[in-house]
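Colleague: I would like to learn how to read this model, feature by feature. Where shall we begin?

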Amino acid sequence: MYQFSSPILTNECLHGAYHRLTIDLGELAKAARPGQFVQVQIPNLEGHILRRPFSICDVDGSVMMLVYKTVGTGTAALAEVRPGTELNILGPLGHGFDELPADRPCVLLGGGYCCAAMLFCAHWAAAHGRPAPQVLLGARSQSDILLEEEFRRLGCQVGVSTDDGSYGMPGRITVLLEAVLKRQPNAWLAACGPKPMLKAVALMAEQFNGAHCQVSLDEIMCCGVGACFGCVIKCKAPDTPQGWCYKRSCADGPVFESTDICWD
Ligand SMILES: Cc1cc2nc3c(=O)[nH]c(=O)nc-3n(C[C@H](O)[C@H](O)[C@H](O)COP(=O)(O)OP(=O)(O)OC[C@H]3O[C@@H](n4cnc5c(N)ncnc54)[C@H](O)[C@@H]3O)c2cc1C
Ligand code: FES
């Protein structure tokens, strides 16, 4: 884990509430793996709020890209920060996705702003000579679908669904997933999105015997480094009297085997 202060290279609005930030983070960026995240100290708000966690969207050499949605005080303030301003970042943090296997079909699923977390997986596959994974992107509406062109440029076949039917297949991402799993029941799934989406993806994967599914949870976090237990989730623990235990999503996750999580 590193702590770096570095000037922001770019911080631009993609569309609507979505923004893309790039920053040269030296060794921190080079150490990053798909599914990990960073804790960002928002400039001018140091005294007021905790660091904010963001998935590592992509890394090019020592330059890291984050894609974020403005939802509150911290992200709104971040969107106002000009290139050249120093940003203090802690990372890379957490337990990321396992390497995509070379010997089975791989499918990346992203819901809403969590599409950002999946681009690094696709880039990793391309950089390691793996076949391009299929990508399924789901969101409420067309304006919430992110990075579709970036996935296509990496050679990924992209399927899109929107809840309101404004773009792609109308309905939930699991409609697309079911079609994929019927063709490729041994698929390796890697997903990031809101918890209801991840639960639906996990339960669908369980219906197909050969499928393997890892999910990245975006629990609300405080310290981000495993110290405060503010981000715990219930996981199965057959060896305990109650059959479950708490795990910290920041340090034990954010990526978990979907079958390890107590979804109810
Ligand atoms: C591991 C991880 C990776 C993340 N990656 C990204 C990313 O790549 N892009 C991105 O846009 N956001 C990401 N998030 C969510 C992001 O951290 C929050 O949106 C941000 O912290 C909100 O800060 P704020 O001060 O603007 O909002 P606040 O003023 O603190 O809160 C505004 C609203 O956002 C909600 N909120 C706060 N934290 C979260 C959270 N973790 N998940 C869902 N809702 C939250 C609050 O409940 C509230 O309703 C990630 C979160 C985690 C834990
Ligand atoms: S946020 Fe403190 S332990 Fe996870």
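Colleague: Begin with the ligand. Which residues come nearest to ligand 1?

Modeller: First, the ground rules. This is a predicted model, in which local features need pLDDT of at least 70 and side-chain atom pairs count only at pLDDT 80 or more, while totals for chains, interfaces and linings use all residues. Residues are numbered from 1 along each chain as its sequence is written, chains are lettered from A and ligands numbered from 1 in the order in which they are written, and side-chain values use heavy atoms, with hydrogens and water left out.

Modeller: Now the general idea: a residue is near a molecule if one of its heavy atoms lies within 4 Å of it. Here 18 residues are around ligand 1, and R52, P53, K69, G74 and T75 come nearest.

Colleague: Which atom of Y113 lies 3.5 Å from a nitrogen atom of ligand 1?

Modeller: Polar contacts are pairs of N or O atoms within 3.5 Å; within protein, one must be able to donate a hydrogen and the other to accept it, and residues adjacent in sequence count only if both atoms are side-chain atoms. For Y113, a polar side-chain atom lies 3.5 Å from a nitrogen atom of the ligand. D218 uses a backbone N or O atom, 3.3 Å from a nitrogen atom of ligand 1. T73 places a backbone N or O atom 3.3 Å from an oxygen atom of ligand 1.

Colleague: Now the domains. What are the bounds of domain 1 and domain 2?

Modeller: Domain bounds come from an automatic or database domain assignment. That assignment gives domain 1 as 2-93 and domain 2 as 106-218. Their C-alpha centres lie 24 Å apart. Contact means heavy atoms within 4.5 Å; it takes 15 residues from domain 1 and 14 residues from domain 2.

Colleague: What is the area buried between domain 1 and domain 2?

Modeller: Buried area is the accessible area (1.4 Å probe) that two parts lose on being put together, summed over both. For these domains the value is about 1,300 Å², and carbon and sulfur atoms give 65% of it. On the domain 1 side, Y18, P34 and C57 lose the most area to domain 2, together 35% of what that side buries.

Colleague: How many salt bridges are counted between domain 1 and domain 2?

Modeller: A salt bridge is a side-chain nitrogen of Lys or Arg within 4 Å of a carboxyl oxygen of Asp or Glu. The count between the two domains is one. E150 and R20 form a salt bridge, their closest N and O atoms being 3.2 Å apart. In the structure there are eleven salt bridges. Another is E27 with K30, at 3.7 Å, N to O.

Colleague: How many residues apart are E27 and K30 in helix α1?

Modeller: Helices (H or I, at least four residues) and strands (E, at least two) are DSSP runs, numbered from the N terminus. E27 and K30 are three residues apart in helix α1 (residues 27-31), so about one helical turn separates them.

Colleague: Last, the backbone. Which peptide bond is cis, with omega near -10 degrees?

Modeller: Most residues other than glycine have a negative phi, and most peptide bonds are trans. The bond from G91 to P92 is cis, with omega near -10 degrees. P92 is found in strand β7 (residues 86-93). G253 and P254 are also joined by a cis peptide bond, omega being about 10 degrees. P254 lies in the loop between β15 (244-248) and β16 (255-257).

Colleague: And what is the phi of N44?

Modeller: Positive, about 70 degrees, although N44 is not a glycine. N44 lies in the loop between β3 (37-41) and β4 (52-55).
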